[in-house]
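Q: Please show me how to read a few features of a protein model, with the general idea before the case.

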Amino acid sequence: MSLRTTTPSAGYVEDVAPGRGVLPPRARYASDAARLSLNGDWRFRLSPAAGAEDDSFAAPGYDAGAWATVAVPGHWVLQGHGAPVYTNHLYPFPVDPPRVPTENPTGDHLRPFDLPDGWPDTGDAVLRFDGVESCARVWLNGTELGEFKGSRLPHEFAVGHLLRPAGNVLAVRVHQWSAGSYLEDQDQWWLPGIFRDVTLLHRPADGVRDFFVHASYDHRTGEGTLRVDSDVPGRVTVPELSVDVATGEPVTVAVEPWTAETPRLYDGVLATGGERVALRVGFRTVALEDGLIKVNGRPVLFKGVNRHEWHPGRGRALDVETMRADVLLMKRHNVNAVRTSHYPPHPAFLDLCDAYGLWVVDECDLETHGFVGQSWRDNPCDDDRWTPALLDRAARMVERDKNHPSVVIWSLGNEAGTGRGLTAMAEWIHGRDASRPVHYEGDAGCRDTDVYARMYAPHAEVERIGRGLDGGTRRRRRLPFILCEYGHAMGNGPGGLADYQRIFEAYDRLQGGFVWEWIDHGIRHPELGYAYGGDFGEELHDGNFVCDGLVFPDRTPSPGLTEYKKVIEPVRIEGDGTAGTVRVTNAHDFADLSALAFEWSRQVDGETAESGPLPVPPLAPGESADVKLPAPPDAPAGAETQWTVRAVLAEDTPWGERGHPVAWAQLPVARRRPPAPAAGEPPAVDGPLVRLGPAVFDARTGALRGVGGVEVTSPRLDVWRAPTDNDNGAPWQPDARLGPRWRKLGLHRMRHRLDAVEVGADALAVRTRVAPAGAEVGLRTVYRWTADGARLRLSVSVTPEGDWPLPLPRLGVRFGLAAADRVTWFGGGPGEAYPDTRSASMLGRWHATVDALQTPYVRPQENGARADVRWVELGGLRVEGDPEFWFTARRWTTEQLDAAGHLTDLVPGETVWVNLDHGQMGIGSQSCGPGVLPQYHLHARPATFSFVFTELGAGPA
Ligand code: GAL
């Protein structure tokens, strides 16, 4: 006899069907109908498996007094129950669709509520969940309503017949894993919970149900046509346009169009017998014409970012102010577009995009990337059994978001392979909304899509696509191109953004791209600062690949965002500083320049000597003008001079204050003169010491001990940097990854062999060979010290020996100072820069503390270099370079930086370590994309560079 027990898991959890008992999807809107937010503290009980507890908790009268409490919206794993898990595309459970593990954390949630005073006693009511990960079963007052999957999509139940004036109990059972999890394999933390709002909506008799606002714009006539199709007939009014029409009836009026640059919205009302709905109408027409995506007749250049929803404490449970912070930061950094990677965002985010102006690629909650590991076998996107779930997801996105003017493209999802399910989604979307193109990057032949999209394509390939030399299907070749992901902003970087932008701007077919990604998904952690994959003991994880944003977890802009802002600025300012004019080009797609004021200033040796307004005509998009600069007065002989021209907001706008900088350029006038040589003093041996000008050396080793009263740890050649995430590269690029190859060669453990200390008539020369153990390559390095009275000059000559197989991380010297805090420099700033991330580095005089020079990448790595430095003062010394140099200072060594896993591992030591670099290797984007472009490689080649050290405060001898 065989024994058979029933499966402990509830059947619906592993059912591929999207749900049961749920209302059809519809538009999201605000109306005068009563509503009750059910957000707040809920009773909570966590159990280890889907079927571990029976459902008696949902029955009226259940005593949950002993349960814990969690905040809704929220994720229980961020509130002390269980732990988050991070994987990129690996499913953190065995791949056996639609089965999920028996260990399936399940959170039972209870929320008692009374109806507020004045809640109407006629009509119906709907209970809405805006987002629950990943599967929920719902009861109200003991009656089961149904269950659903589709974590970042809304689900509604009709509940009017169950409501009582007081003592209602809403019970929700949430399973972390479900069949739906197979469709939600996005690169992010797995965070179960009721993480978006829960709302009870009164539904008046004769209320609005669903409606579709069609608001187009004809750029030839300047007229907009509005038609609101509504399930329930009513009237549409837009007072500002004197529009008052029946639903379903088109009306054409002169309007100002909506664009992301000029987000003109008209307030209106849709009124049925029982309800008034607020409309915010933006008139615009998106069309595919001449192989281009055009809005209102003009092609658009997307300067976008990929945005995941993130908050370092609350995960994907975002409040409106956090969403607004994202939108404001984007607008202030010249970003004009967002791909809602990889799911529809909280609906309030789209309201903000409408209001402030951002183009949105609204992406469906679909990714099945983990199937790539098995050659896409069993991919739900090519399995008819799953198609209803895919269609349900498409419909829930389109129906919810269709009335947003900011949404200009629908995206089927991300990295979900190919298959009939995706085709079915595209067909359904095209049928439901012909007014927007459909995007999906995984559709290489563009069978189902209207845009050719790629991710991380190298510059050269993008250029070929721009030139139409890329091949592909006939259909694809006629389509516009976007890079839906590029510029992997993990850690220090991304490099090469300016090079991409130049290519985008050179070819019409290239309609821009979306940097990956907006924010680091670090989780605030008491010991680690910010946690990433593996920090919660996950058995399978992808480390800090989850921290790859343009802003840090707390939304502080990283240097990558500053760089991007400069690269995509909507005004180009160019010219030859000596010519007396500057060429200004309006690089907007729609707006003229009337919102901007221009200013000039003139710097002498980095300090602003004069400034004033620069009158620039309100150029139309694409227009240029040559604008005269004032006649410069004579600058002091030998001074370095330049113009700085800025475009700033002329008035306060909803997203930025008057004076907010939008674009700038610097035009050199008189170039720098290199520092005068410091020579003439003879070195003198004094017992164990050598004295030379202001300096003292160890006679045996030739090591510098001090300059005047300033003690130093002697400069030595340094080629190592703590590899950046982009140096380390992605695991699937084994041959190209520089970080591991540098380490294999031993560049992190260079040995310095002393060959000679030569005390000559006018110089102290120290001859060395710097090389890693186990290799024949080396760098012959000669330090030649000379001095005049108060100034000490170090000239470093480097001659590579052997066959160097790799570019160097850096080439320069490192020395230590016993004490240093405040730093002043004349060079690029205020932020860090590397050879391919230096667009935003502005030449000037800058001040910072050593601590403020550090860029707090969540996983510590090389950071903080300042470019084009003429001189720097710190720790009682002034260092002038010939030629200009890269400067870095930190309170830990490169080796300590390299060894650190989290910011809290970095403990300041006694010494400030200063790098003066002749060269730095570029940064690139290899943590997911292409590496450093050849022009930014630092090759091991013969080099000579020098520095003049002076003790500050010591007068000339
Ligand atoms: C892409 C993917 C993103 C993210 C990125 C790397 O392939 O679409 O979700 O994983 O790579 O950070």
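Q: How many of the 10 residues of α7 are buried?

A: Buried means under 20% relative accessible area, exposed means over 50%, and partly exposed lies in between, with a 1.4 Å probe and protein chains only. By that count 7 of the 10 residues of α7 are buried, and the helix is mostly covered. They are Leu 497, Ala 498, Asp 499, Tyr 500, Gln 501, Ile 503 and Phe 504. This is a predicted model, in which local features need pLDDT of at least 70 and side-chain atom pairs count only at pLDDT 80 or more, while totals for chains, interfaces and linings use all residues. Residues are numbered from 1 along each chain as its sequence is written, and side-chain values use heavy atoms, with hydrogens and water left out.

Q: What covers the buried residues of α7?

A: Contact means heavy atoms within 4.5 Å. Helices (H or I, at least four residues) and strands (E, at least two) are DSSP runs, numbered from the N terminus. The cover of α7 includes β26, β32 and β33, together with α5 (459-466) and α8 (559-567).

Q: How does α7 run relative to β32?

A: Axes are lines fitted to C-alpha atoms, for helices over the stretch in contact, and angles between N-to-C directions run from 0 to 180 degrees. Helix α7 (497-506) lies across β26 (302-306), β32 (481-486) and β33 (510-515), at about 170° to β32. Helix α3 (387-401) lies across β28 and β29, at about 175° to β29.

Q: What is the strand order of the open sheet of 8 strands?

A: Two strands pair if DSSP finds at least two bridges between them. The order is β30-β29-β28-β27-β26-β33-β32-β31, with parallel pairing. At the edges are β30 (438-439) and β31 (452-455), each of which pairs on one side only. Within the sheet, β28 (359-363) and β29 (407-411) pair in the parallel sense over 4 bridges, and Val 361 stands opposite Ile 409 in β29.

Q: How many aromatic pairs does the structure hold?

A: A pair of aromatic rings is described by the distance of the centres and the angle of the planes. Rings of Phe, Tyr and Trp (its six-membered ring) pair if their centres lie within 6.5 Å; planes under 30 degrees apart count as stacked, over 60 as edge-to-face and the rest as tilted. The structure holds 38 such pairs. One of them joins Tyr 182 and Trp 386, edge-to-face, at 6.4 Å centre to centre with 70° between the planes. Tyr 182 is in the loop between β12 (168-175) and β13 (188-190), and Trp 386 is in the loop between β28 and α3, so the pair ties together parts 204 residues apart in sequence. Tyr 182 counts as buried at 0% relative accessibility, and Trp 386 counts as buried at 3%.

Q: Why is the pair of Tyr 486 and Tyr 500 edge-to-face?

A: Their planes are at 75° and their centres 5.0 Å apart, so the pair is edge-to-face. Tyr 486 lies in strand β32 and Tyr 500 in helix α7, so the pair ties together parts that are 14 residues apart in sequence. Tyr 486 is buried, with a relative accessible area of 1%, and Tyr 500 is buried at 2%.

Q: Which ring does the charged end of Arg 307 sit over?

A: A charge sits over a ring if NZ of Lys or CZ of Arg is within 6 Å of the ring centre and within 35 degrees of the ring normal. Arg 307 sits over Phe 349, 3.7 Å from the ring centre. Arg 264 lies over the face of Tyr 266, at 4.1 Å from the ring centre.
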